[in-house]
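Welcome, and please open your viewer. We will walk through the model one selection at a time.

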Amino acid sequence: MPELPEVETTRRGIAPLVEGVRIEEIIVRNPNLRWPVELPAEVAGQTIERISRRAKYLIFELQHGSLIVHLGMSGNLRVVAAGAAYRKHDHVAWRLASGSELRLHDPRRFGSVHWHAGEPLSHWLLADLGVEPLGNEFNGAYLRAQAGKRRAPVKNFIMDARVVVGVGNIYANEALFLAGIRPSVRVNRLSRAAWERLAQAVREVLLEAIRLGGTTLRDFVKQDGNPGYFQQSLNVYGRQGEPCRRCATLLTGCRIGQRATTYCRSCQQN
DNA sequence: ATAGTCACCTGAGCGC
DNA sequence: TGCGCTCAGGTGACTA
């Protein structure tokens, strides 16, 4: 489900409800997520000092280490009253001293929960990640340098987490539309100006999606149970065969890197 | 090193 | 109503 805006929306939603609160107990109802959930007993009793984000990972910074949570394709985190009935696919629950419970709900179980005693960014899942798209190092020159002599389609490249993190299938399609770049173009064929437009478009689309609370396609809900509203702003994703909002040309669909791809053959010519 | 493919899992939607 | 098929917001591991 979640790309960077949905993860950030989740972080902002739960932060005021969990920061500074002690974890009384962690209940692992089903450890069979993407990786087995194995949490040492010492996690209970610690206070959540801060919840931060790196890429699509949420980092619960505790007193003596971190919980690193990924929501996979279908995960969400919500804070509910302690004792509320479990729903199907509520796999992990944090019983909090505030009397609430934080719950990880993830039908497809592509999400994960890791305990890491050291510096969180040194965890193997986080160690080799590329730059944050909303950070200072991310710009056209950086993308161009990273592309080097590579020949991957630009859509694959922009979704490569070793280059830049947080850009999933929805926002890759949307950013390429905003930048006027065809998703299939090989990265060694893009001009300086195109890279600059793309960096700007990625930043713009992510910020706007965060502002609107993310994109709700099927089941994403914010921590308060409400959906995000960015789906109403989608220009191309999921709109194959429908008219381009800018020029009314019918949008073209194809698959790039096994993922559904939609673009306007008129507006996106590089 | 890079590009492309596969796998993990459940649920929704569609055609028949 | 049911069956079988396809597809879905991610990403590590594998193959050439």
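Here is a tour of a sheet, a helix pair and a hairpin.

This is a predicted model, in which local features need pLDDT of at least 70 and side-chain atom pairs count only at pLDDT 80 or more, while totals for chains, interfaces and linings use all residues. Residues are numbered from 1 along each chain as its sequence is written, chains are lettered from A and ligands numbered from 1 in the order written, and side-chain values use heavy atoms, without hydrogens and water.

**The sheet.** Helices (H or I, at least four residues) and strands (E, at least two) are DSSP runs, numbered from the N terminus; two strands pair if DSSP finds at least two bridges between them. Start with the open sheet of 5 strands, ordered β2-β1-β7-β8-β6 with antiparallel pairing. At its edges you will find β2 (47–48) and β6 (76–81), each pairing on one side only. Next select β1 (residues 21–28), which pairs with β2 over 2 bridges; Arg22 has Thr47 as its bridge partner there.

**The helix pair.** Now show α3 (residues 140–147) and α6 (residues 192–211), which pack at about 120° with axes 7 Å apart. Axes are lines fitted to C-alpha atoms, for helices over the stretch in contact, with angles from 0 to 180 degrees between N-to-C directions. On the α3 side, the contact (heavy atoms within 4.5 Å) includes Leu143 and Arg144, and on the α6 side Trp195 and Glu196.

**The hairpin.** Finish at β10 (residues 252–256) and β11 (residues 259–263), antiparallel over 5 bridges. Thr252 is bridged to Tyr263. In the turn, 2 residues separate the strands, and Gly257 has a positive phi of about 60°.
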